[in-house]
Structure formats: structure tokens, C-alpha cells
Amino acid sequence: MKGRDLLDLADLGADELETVLEAAASMEDVLARRIKKVPTLRGRSLVTLFFEPSTRTRISFELAGKYLSADVVGVNAAAASVQKGESLEDTARTLEAMGVDAVVLRHRAAGAAELLARCLEVPVINAGDGMHAHPTQGLLDLYTVRRRKGELRGLKVAIIGDLEHSRVARSDLIGLTRLGAQVWVAGPATLLPPGLEGLGARVAATVEEALREADVVMALRLQRERQQQGLIPGGEEYARCFGLNRQRLALAKPDALFLHPMPLNRGVEVTSEVADGAQAVLFDQVRAGVAVRMAVLYLLLGGGN
Amino acid sequence: MAEFLWIRGGRIIDPSRGADETADLVIRDGRLTAEAPPTGCPVLDARGLWVLPGLIDLHCHLRDPGQEWKEDIASGTRAAARGGYTAVATMPNTEPAVDTPALVEYQLARAAAVGGSRVLSVGAITVGRQGRELAPMGQLRAAGAVAVSDDGAGVEQAVVMWRALRYAASFGLPVLEHCEDRSLSRGGAMHRGAVSTRLGLPGIPAEAEEVAVARDLVLAEATGAHLHVAHVSTARAVELIRRAKARGVRVTCEVTPHHLTLTDEAVARSRYDPDTKVNPPLRTEEDVAALRAALADGTIDAVATDHAPHGPEEKRCEYEAAAFGISGLETALGVLLTTLVQPGLLAPAALVERLTCGPARVLGHPGGTLAAGAAADVVLVDPRASWRVEPEAFASRGRNTPFKGWNLTGRVVATLVAGKAVWQLG
């Protein structure tokens, strides 16, 4: 995978997904050490370019780079030239001229990572582009589930919520189905985009149908603006009809895992009881995020050579 | 001394007279004539070529006045001539919008000065294309406008459209309507469907067009006015029009070459190339099939380019940020011949009809015919010549085309306006 971009999990075959997950397992060992630093990417530079606010993903990428000894520079777009109207293409050329070895991009427009990758020789890692893809989030979810359940093949995964606007759901769908899981989706009809079957999903008629006997349950974050946009009646209605509570989670298998991409809207898409309960693996996900991103950087930048 | 030109031995396809035959064509002083050519008359050897009435484009954007970095009347009419078009109707979404007789006169005077393909001016339906007060259609007509349109956007309020249809009809002006319900399309960047879901791009549902077409058909039926639906793009919209025509509603419609040949998969295949971004958006296989069937059965009256040139900075950016539009004048005929006529999906005469007398009929324009006495607007086409679409070589300032790199068969060899060559393949 050396020298390649990571734009969309659809670009990776099942064997490549396995390669990343295996590398991530070694990286998790590094994270467990008292001195969390290996010289793998010494002398290599990484820029994280965030044109959309993000705390978690950006910190996760930057720590991943630092644990591997790369020089990491974080660019916050609020203060960057894009605000002054510079094109993504010009930004890319500028970074290349500075000798950057890889770029991590978060952008509000779908396809932005693709556009940047077309202008750049060095690897581009998509940290979320519009509603399109968030491949490292998909990988960390795969990693988390696999670590707990051993094998993805044959698992029933339920993804509940705003699938229309979720890049996380798209990347999870692609990755999970590619590794043999069965993914059921459910949510308000106004937040289900057409053609989800094309991404490998089975669209359930009700939340309950999706949850029944599931091995893994994921609730998606509900943005408050969906109510203002007139897509759903409101937060309380959502919580009652689509939110993950103890009763709904009980429809899944007793040992089902509960995942959420965070940040949480407690009391809307999930109750605190579920989010803080024994089945929730939210912080496993966060930890896996660092390991997976270390693995991606290692594989794309080709180690220390 | 009269000036003659003798076009010899070509295959004349002139659907206005039902002609498809190998014959000669004689031009005298810029008009077609039934007289025999005099001895010593200059000859244009058309053996192996198709000789067609000059193509008429019902719908293009010459961007002049106000957006000359995208196109102007000189570059746009040069592009038209290269594409085989002898007359093009330019839409009024310029800056300012063509909502006064002075602006119509400006466009026509500028076109006459440039001396290429003819320019037909389309006036605005409403002042400033704002969708509120009616534009002075009577004066626009008197200045030379051939139709009215607020193209670029639909007329949002039913009451304004209802009045516009009645008022325009009283001056014999067709209303060329861009059918789009913005409440359904706002924020969208491509057709809403499985591909937009996969790509994570905000979608424009087919319903945005269909709801507007349905409303306007009701208003056209009620008022008896001539409604022309611009760039129809969905199966249901075309079916609504087919049924309305069967009831006797005065409705005509057009389709673009890109909606006849490309689907939303082009956005995915090109990996978000903004040159595939157009409004209405590229639709699905089923829509393309329905449009092709409607073109063949005559439900669709004309092929129009919706030539929408843009500067590079409006297209070299994120897909969602890019401008809508495809620069189409120079590729239309080649694309249609290659994708529809050569595979046998559409008869040559049917295509020529939709490019010549079909659009002429919509506009009440005298062209689109090779009948004796008509202006000698003629195009010569080599149906076997292959060429590659190279946008850098376009006469248009707009290089925004999803057909870049395509190999096409069928090429314009010469375009004559009133008997004078405005383009000849070098």
C-alpha cells in the first residue's frame, strides 16, 4: 500500500483491510507501552489539514503520527488561506513545495480528498469528506468489533439513525460487508438516502427489525440542524421512536456491542444508560482510532525507509 | 452580377421537405434557388458528405453582456459555426439580464457586427429574472426577441407563471421554461439516487423537475399559451409531456445531448469531475432510455445544447462548489451521430429534424429548411470522419465538457450562413 492514498474503503480489497487491521494490532501494543514512541517514521512529515472543526479525529491523527516519530503539523482551516479564497489545488501545491510526506484532510465537500490527491504526489488520507467517506473511522469500527468478536463474517450489525448525512455509516457499510458482516440499517424515512442496498445494506422496515438478534448495534449522531431543516419533527420524537434505550438494545443478542462515532447527544439517539452501560465500547473505539491511524500511516508511508 | 455557389453531389437530408437524396444545391445571393448554376460557377464538392439545413440551437448561453470571461458573442458564435449551428438562441441570464429592448438590440447588433452564426435573442420573463414583475415582453418582441425565459431558474410562483403565459401568448412569444422546484432541488449537486448516496453528494431529486413540469402543463392547458419545456431530463417529465400533447396542450420540449448520452454514473466514473455537474443533473439509465424513445417518437421536438460555458476557476474546485453547466456547441452533432445514429438507434433524418425544422417550429423561425427561396443556411457534414474531443482546441471559451477525450465519428466540414462560409474545416 506504500505511496497510495486512503480516500474511501471501497478502494481497498478484503485482504488489504485485513492487512491494516493486523498492523493496527501491533500498533496497539505500542500504545500499551510506557514509552509510546517508535522510530518508524523518523524524518517524515505529516500535515493534518482540517477545513471542518474536529477535535477527536485531529488529535487522534496527530498522536498517531507522533507515536511513530513523524513530524506533525496541524493546520486549522479557520486560520488558513482557504478562508482567504485559496483553492484546494493551490493549497496542495504549496504543501508539496514544502516537502510534506503525507497529508490528512478533513473537508466539508464530498470528493475533496479525491481532488487533493489528484494534485499531490504524496499520499492523501481522507479524514472525512462531506457525507462521502471517513475511512479511518470505518477501520477503527472494524477493528473494535473484530477484537471483541474475533471474526466479522456472519455477524449481524445494525446501524440506526441519520444515514443520509453520515459518512461514518457509508464507510462502515462498505468495510463491514466487505469482511462478511450482514449490515441492517434503520432510521427515519426522511434520513434514509436512496440506494443504500448498493452499498451492501439491508434496509429494515423498523428499528426493531434491524436490532433483533444483532451482534453489534451502532447509533449515529443526530445533528440538531436536521430538525430546523424540517427533516424530522424533533429530538424528543426521535428519542422515542429511534433512540437506543435499554428496551431496544435488549432486542439484540445479550452480548451485543454498542458503538457510537461520538460525540454523543445523550437523551436523543442514545440514553446515558446505554452509552455508559456494559455493552458500550465507545472508548475502545477511540483507542482503536489511534492504533488504526498509526497502521495507516505506517503502511502508506512505507515504514522507515 | 449575381453570386452563385454550387454544392455538388452531397446527400441532402432536409426533413422540412421530406427530402433524403443525393442531389445538388444551388445558392444565389445568399438564398437557395431552383435555378441551374451558370457556367463557371464556383463549386463545392460534397460527394460523400451530408448536406443539411443549418442547425438551430434553441438554448445556449453566450454570456454576453456581463460574463465575457466565460463567453462572448464573438467566441460563442464561432463555436456555434464549428458545431454546424447557423442560428443560436441565447438565454437572458446575463448580467444584467436581458429584460429591456436595448439589451436585445445590443445582442443583435453585436452578432451582426461579428458576422458569424445568427443570434436569436431570448428575453427575460420577469424583470431581472427575479420572478416577480413581468418583463416588457411587447417591447422585447418589437426589438427582435424570439421567446422569453428566466432560464437558470424556474419561475417560482405559479401566479407569475400563469400571468407570464397569458401575456407572452398575446405577443406570440413562446415561454421557454426551466422547470425546477427549488424547494426540492436547493443545495443539490447531482441527481439524487444510488450514485449520490455512494458519493455522499447532496442530491437533486427527479421530482424537482417533474413537479414544476406538471404545474406548468396545467397552466399551459388552462391558458392555451405555448409552453416550451427546456432541457427535459426525467422519464416521468417526458411522460407528463407526452400525455399533455395527446390532450392537445400547446407544449413543446427539448433535450440536451448530455442527457441523451450520460448518466449519474459519469460523476462516479470521473471521480467527482465538475465537468459532469450540470442542471438538470445527469440522470439514470431509465431516464436516458425514456428520453431516447421520446426523441424518436417526436414527443421531444428538438435537441438543444444548453451550451453553458464557464471559466476554469468555476470548475477546478470541489464538486459542490463548482458551477453547473456543460459547454456543448462544438460536440453536440458528433456526440449525437456517434451515440444515436451510428448504432442505429435513431434515423439520420429524425435527428436532423430535431436539430433543424424542429427547433425552428418551436421558435417560429423561418430557418431549418433547404427549400428554394430560403436563406442559404447550410451545413456540410462528413459522417465518417473521426475526431477526438480536445477542449483546448475549442473556439468557445468554455472548456467544460464531460466528453473530453471522446472519439467521435461525424464532423462538421463547413457551415454556411446566407451562403457565406462561417466555418470550414482547415
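E35(B) is partly exposed, with a relative accessible area of 33%; here buried means under 20% relative accessible area, exposed over 50%, and partly exposed in between (1.4 Å probe, protein chains only). E35(B) forms a salt bridge with R28(B), the closest N and O atoms being 3.0 Å apart, where a salt bridge is a side-chain nitrogen of Lys or Arg within 4 Å of a carboxyl oxygen of Asp or Glu. This is a predicted model, in which local features need pLDDT of at least 70 and side-chain atom pairs count only at pLDDT 80 or more, while totals for chains, interfaces and linings use all residues. Residues are numbered from 1 along each chain as its sequence is written, chains are lettered from A and ligands numbered from 1 in the order in which they are written, and side-chain values use heavy atoms, with hydrogens and water left out.

**Salt bridges**

- Over all chains, the count comes to 46 salt bridges.
- R28(B), the partner of E35(B), is partly exposed at 34% relative accessibility.
- R198(B) and E265(B) form a salt bridge, with 3.1 Å between the closest N and O atoms.
- R198(B) lies in helix α6 (residues 194–199) of chain B and E265(B) in helix α10 (residues 265–269) of chain B, so this pair ties together parts that are 67 residues apart in sequence; helices (H or I, at least four residues) and strands (E, at least two) are DSSP runs, numbered from the N terminus.
- R198(B) is partly exposed at 33% relative accessibility, and E265(B) is partly exposed at 30%.
- E239(B), R242(B), R243(B) and D297(B) are joined into one network by salt bridges that share partners.
- In chain A, the side chains of D284(A) and R148(A) meet in a salt bridge (2.8 Å, N to O).
- Because D284(A) lies in helix α12 (residues 282–301) and R148(A) in helix α5 (residues 135–149) of chain A, the pair ties together parts that are 136 residues apart in sequence.
- Both partners are partly exposed, D284(A) at 31% relative accessibility and R148(A) at 48%.

**Backbone features**

- D29(B) has a phi near 50°, a positive value in a residue other than glycine.
- D29(B) is found in the loop between β2 (19–28) and β3 (31–33) of chain B and is partly exposed at 48% relative accessibility.
- R271(B), likewise not glycine, has a positive phi near 55° and is found in the loop between α10 and α11 (285–297) of chain B.
- The peptide bond from M262(A) to P263(A) is cis, with omega near 0°, and P263(A) is in the loop between β9 (257–259) and α11 (272–275) of chain A.
- The peptide bond from E95(B) to P96(B) is cis, with omega near 0°, and P96(B) is in the loop between β7 (85–90) and α2 (101–114) of chain B.

**Buried strand residue**

- C60(B) lies in strand β6 (residues 55–60) of chain B and is buried, with a relative accessible area of 0%.
- C60(B) and V122(B) are 62 residues apart in sequence and 9.9 Å apart in space, C-alpha to C-alpha.
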